[in-house]
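Morning, everyone. A quick walk through one model today. Let me put it on the screen.

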Amino acid sequence: MPNSKPVSELNNLYERESRLSVLVTQEGKQRSTSSSITIRLADTFEYLQAAYTLVHDKYVKQGYQAPSPSGVRFLPHFGLPTSHTVVAEIGGKIVGTLTIVTDGLLGLPLEKEYPAAIKALRSRKGHLAEICCLATRGGGPLELPVLLQLMYASYDLCLRQLGVTDLCVAVTTGHQSFYRKILQFESIGETTQYSSCNNVAAVAMQLNLQQAWDRFHGAHNINRMVGRFFLEKAPLEDTGLILPQEANVMVRRQFAVEHIDWAQLNEIERKRIEIALAHHSVFH
């Protein structure tokens, strides 16, 4: 479940962006300073461990799940090559993460709670993806910039590299207004008790990325500013973050073998994951 900050804090978005954004040199290579937010792919076992540990700890603190013996929150979908985990770092320390799950063998995680809504989106012949397990470390003045950089990464990677048309997310009712008013998402399902997050009240939301700029441009001034932040920044591809990456796929496969909770899977899910893990060709 994503978390958010009040709308009023976005007034300083551009000022913070100039100080805390991903910095790109003339050669197109990413560089970092102790005060910059660096977005990168979680492409090693250690990065995946750190990212999913951060999500686990944040979810436990917010009451979305009970503590797990593994100390990580890892969904079955994350073991497939259709998932991509990114992290935000400041000074080499991970301060936020999210995972993009594109529609694949297991569908989307929120589909379990909103099957009709996802079926309706698929009927439009688009390519769906879901933002999952968005978490930031702690609070303070850096939390909002970190959140926005992670959301920018999801927009950029989905729109420019993954060919996604519809970006979905499940959010708590307390965060629904932020996603609707600021990020221009629309509700696609009724409020329900989200079983995989300890039955917290949540709603499914969706943004058509091909229409995103028109939605931002036609909105309030602050929304147009957010639209420029998401849609006019230099592509992450210019920094060397290119999907898919063979090394990342193999590391994710290794992590999945160790962390998937097989007992929680039904027969169809188990078989599909076994096929994906057994055949290297599936990961291309």
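Start with disulfides, meaning pairs of cysteine sulfur atoms within 2.5 Å. The structure holds 0 of them. Take C133: the nearest cysteine sulfur belongs to C132 and sits 5.9 Å away. C133 is also buried, at 6% relative accessible area. For that word, buried is under 20% relative accessible area, exposed is over 50%, and partly exposed is in between, with a 1.4 Å probe and protein chains only. Now C158. Its closest cysteine sulfur is in C168, 9.7 Å off, too far for a bond. C158 is buried as well, at 0%.

A word on the basis. This is a predicted model: local features need pLDDT of at least 70, side-chain atom pairs count only at pLDDT 80 or more, and totals for chains, interfaces and linings use all residues. Numbering runs from 1 along each chain as its sequence is written, and side-chain values use heavy atoms, leaving out hydrogens and water.

Next, the nonpolar cores: sets of buried Ala, Val, Leu, Ile, Met, Phe, Trp, Tyr and Cys residues joined through side-chain atoms within 4.5 Å. The largest has 46 residues. Among those with the most contacts inside it are M151, Y155 and F230. Helix α4, residues 143-161, gives the most to this core, with 11 residues. Helices here are DSSP runs (H or I, at least four residues), as are strands (E, at least two), numbered from the N terminus. A second, separate core has 44 residues, including F45 and C132.

Last, the backbone. Most residues other than glycine have a negative phi. N198 has a positive one, near 60°. N199 is positive too, near 65°. N198 is found in the loop between β9 (192-194) and β10 (200-208), and N199 lies in the loop between β9 and β10. N198 is exposed at 52%; N199 is partly exposed at 44%.
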